[in-house]
Amino acid sequence: MRISAHAVCTAIRDDIVQGAFPPGTRLTEELLARRYGVSRVPVREALRTLESEGFVRTRRHAGATVAEPTEQEAADLLEVRALLEPLGAARAAQRRTEPHLKVLRGLVRLGRQRVDHGNLSDLRPLEDWFHETLAQATGSPSLAAMLVQLRRKITWVYAVEESPHAAAGWQELGALVDAVTRGDAERARGLARQHAERSAGLHRLRRPAPGGESRVGRGDRRGAVRNPKHAVNIARDRV
């Protein structure tokens, strides 16, 4: 079965975000094709997509490398988030569906349980899942894509410190879900802005590995690329 360029793009992007390919790492078609068990054609298409998203940069005679965001570019991500996520929350309040609400409530419940049991390492994946579902609840594929890609970039360039106020953060998200449930767009907008501003102070720029060396050897291969599932569908199964 032919692996789509979209699936390959998702796999490469995930590896970049998770730090398998640090900023400045050279990305050769040969290495990537071997790593993911695909031909070079979907790899080439995936690199073009990742370049358009800002994760990869291509220079003449140098090929593709993982982008190296400046401190100003990193700061801009948080500023854009503070503007865009409140808009997304307001749209979600107007357009959400019952399946979206079910997932959001379930994630808030899980987040609060993790805080109560001291499982703080689980909180960031849960919050990312929450915000991806909230983005999908906007009913706008283009806005949802921007919101999800923005959070991926923030995860890529920032480490997030453990908050001593994790319980308060999940109370904020619970209040946000209540506003979205009631269809109160302005209340949802304000709560999303408050949450983004509070959490911004916990972000610290990641520092690239010395020399920008990739932790992935040239002979490394992760196996078949799998197509990512829709977040809401995943949530229906797990929450």
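**A walk from the sheet to the cores**

In strand 3, T58 has A64 as its bridge partner. That's a handy place to start, but first some ground rules. What you're looking at is a predicted model, where local features need pLDDT of at least 70, side-chain atom pairs count only at pLDDT 80 or more, and totals for chains, interfaces and linings use all residues. Residues are numbered from 1 along each chain as its sequence is written, and side-chain values use heavy atoms, with hydrogens and water left out.

Now back to the sheet. Strands (E, at least two residues) and helices (H or I, at least four) are DSSP runs, numbered from the N terminus, and two strands pair if DSSP finds at least two bridges between them. Here 3 strands make an open sheet in the order 1-3-2, with antiparallel pairing. Strand 1 (26-27) and strand 2 (56-59) sit at the edges with a single partner strand each, so one side of each has no neighbour in the sheet.

Strand 2 is joined to strand 3 (residues 63-66) by 4 bridges. These two form a hairpin with 3 residues between them, and H61 in the turn has a positive phi of about 70°. Strand 1 is joined to strand 3 by 2 bridges, and R26 stands opposite T65 in strand 3.

Next, look inside. A nonpolar core is a set of buried Ala, Val, Leu, Ile, Met, Phe, Trp, Tyr and Cys residues joined through side-chain atoms within 4.5 Å; buried means under 20% relative accessible area, with a 1.4 Å probe and protein chains only. The largest core has 38 residues, and I12, I16, F21, L27, L32, V56 and W156 touch the most other members. Elements giving it two or more residues include helix 1 (5-17), strand 3 and helix 7 (141-157). Helix 7 supplies the largest share, 8 residues.

Take I16: leaving aside residues up to four places away in sequence, I16 touches F21, L27, F55, V56, V66 and W156, where contact means heavy atoms within 4.5 Å. There's also a second, separate core of 28 residues, including L107, L126, A188 and L191.

Because 10 of its 14 residues are buried, helix 6 is largely enclosed by the rest of the structure. Among those buried are L126, W129, F130 and L134.

Technical notes:
Buried < 20%, exposed > 50% of the residue type's maximum accessible area, 1.4 Å probe, protein only.
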